[in-house]
Amino acid sequence: MIKPDYIFESSWEVCNKVGGIYTVLSTRAKTLQDAMPDRLIFLGPDCWGEKQSPFFIQDDTILADWQKEAAKEGIKVKVGRWDIPGKPVAMLVDFQQYFEQKDSIYGQMWEDYQIDSLHAFGDYDESCMFAYGTGKVVESLYNFLGLSRKKVIFHVNEWQCGLGALYVKKAVPAIGTIFTTHATSIGRSIAGNNKPLYEYLWAYNGDQMAQELNMESKHSIEKQTATYVDCFTTVSDITARECEELVKPVDVVLPNGFENDFVPKAAKFTKARKDARRKLLQIANCLTGQEFGDDTLLIGTSGRYEFRNKGIDVFVEAMNRLRFDENLRKQVVAFIEVPAWVGDAREDLKERIASGKTFDTALENPVITHHLHNEWEDNVLGMMRNYGMCNSKDDKVKVIFIPCYLNGTDGIVDMTYYDVVIGKDLTVYPSYYEPWGYTPLESVAFKVPCITTDLAGFGLWANSVKGAYSEIEDGVKTIHRTDYNFSEVADSIRDTVAEFSGFSDARVKKARTAADKLSKKALWSEFIKYYEVAYDKALSRK
């Protein structure tokens, strides 16, 4: 296979921690950096201004001569390293100066690639100006470094970066271009608008649905980028089917791997798990006024606040049904860790936690750890109110909403997400729309068995590893989910949690060991081969 000498890769999430794509790129970087030191260059947005990005280490000695040349060309960029394992070269592109050229840029893109920017709104302009800026950087570096005899890849992620690939396609056709969609804009929109995506996928027309859902410009740039790049890719088989129906068929599927260097080993693992459980049980006691023993079953779900797409609605439904299940053998505390429109940490809860005491009376509103700006419009709280889920003393299942990013400074938990997930006994991610699903993969990496669905790329992959539907003793329980079987999925989650609550220590250990083993099959050392195929295709076709 043809291997690249240089790889340029752009994403809105380079040095900018927003979602799962940050995890894809930041964990894959070390594998590629080891293979081609400092010939892997990431391009991200300079959205920090005068402030210092917490993920970026500026170093003006890197490509210093080019930086001077770039400044002469009107390119504004910070050069340094991404502060992740491998410390790859990263550039933060200032794209503000391109806004004054916006109309001419869009006009040229219409002439060259028939991209419809007339219906643009929201984040479209900002994304496209950033993408255009990355294209200018790649062109400038290619010429300055004299790479005409080298094999060069430009890999862009999501529609937000598509314009950059198309600019390079015309300006430097010798560069092999790759476009990865991590979720089609129109597929996510169909699902997010409560339309049945899967049963009618074969009948949907992407262009027509883009018109109906006011997504014309984003869909246009995604479709035209997919059409014109040398290699079009996505992250799972389920999204590949979506691409084929709504955009165009993909050339390669690039499953999302990860590095497990963030998972503590041996005694450190045991201590981290004990610390997490102690903190979670303390929060539960301080909120509800009820004492919880060490054998309490700690459950969690997390991710972006996409109430239907991420299955948060079915999780609440399942926990409500579990409250009345006679087969439940243990007390359950279920945490919903989803960033909402969060305000300040609750002072009454902070005071109780700081005291270190055990309490026998509940706080007012004992279901949430922080204040919300829109408490009466919030979907999670609204659904819990409708069901009377108020964490009363008689409830065998307590549900606690932590509506913020767990970055270690939230004021209540004050631990990072990874420091928290290690303390769980079971996690639940009953996604309706999930092209891959890092949260279940991270869960099993910490030896925490999880429940997911076959509408998530990860769930399908877990099934493919087993060769049948994966069960909880395999480390992952994969539930069959369709457009219409919400109630059956909720029942399946309830039954699986109830069953797990009755597991002997030996069966729990078996499930935890299986989860750990499965996670190791998703390391980048196993999955990087798919990228090598994509690089080969792009370089063969450029």
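**Exercise 1. Which residues does Ser236 touch, not counting residues up to four places away in sequence?**

Solution. Before starting, note that this is a predicted model, in which local features need pLDDT of at least 70, side-chain atom pairs count only at pLDDT 80 or more, and totals for chains, interfaces and linings use all residues. Residues are numbered from 1 along each chain as its sequence is written, and side-chain values use heavy atoms, with hydrogens and water left out.

Step 1: look for contacts, meaning heavy atoms within 4.5 Å; with residues up to four places away in sequence left out, Ser236 touches Val253, Pro435, Trp436 and Gly457.

**Exercise 2. Decide whether Ser236 is buried or exposed.**

Solution. Buried means under 20% relative accessible area, exposed over 50%, and partly exposed in between (1.4 Å probe, protein chains only). Ser236 has 4% relative accessibility and therefore counts as buried.

**Exercise 3. Work out the strand order of the open sheet of 6 strands, and say which strands stand at its edges.**

Solution. Step 1: the order is S14-S11-S10-S15-S16-S17, with parallel pairing, where two strands pair if DSSP finds at least two bridges between them.

Step 1: strand S14 (397–402) and strand S17 (476–479) stand at the edges, because each has a single partner strand, so that one side of each is left without a neighbour in the sheet.

Step 2: inside this order, S15 (residues 426–428) and S16 (residues 450–453) pair in the parallel sense over 2 bridges, and Thr427 has Cys450 in S16 as its bridge partner.

**Exercise 4. Describe how much of helix H5 (residues 162–171) is buried, and what covers its buried residues.**

Solution. Step 1: 7 of the 10 residues of H5 are buried, so the helix is largely enclosed by the rest of the structure.

Step 1: the buried residues of H5 are Gly162, Leu163, Gly164, Ala165, Leu166, Tyr167 and Val168.

Step 2: their cover includes helix H3 (102–113), helix H4 (124–144), strand S6 (152–157), strand S7 (176–181) and helix H8 (216–228).

Definitions and conventions: Helix = DSSP H or I, 4+ residues; strand = E, 2+ residues; numbered from the N terminus.
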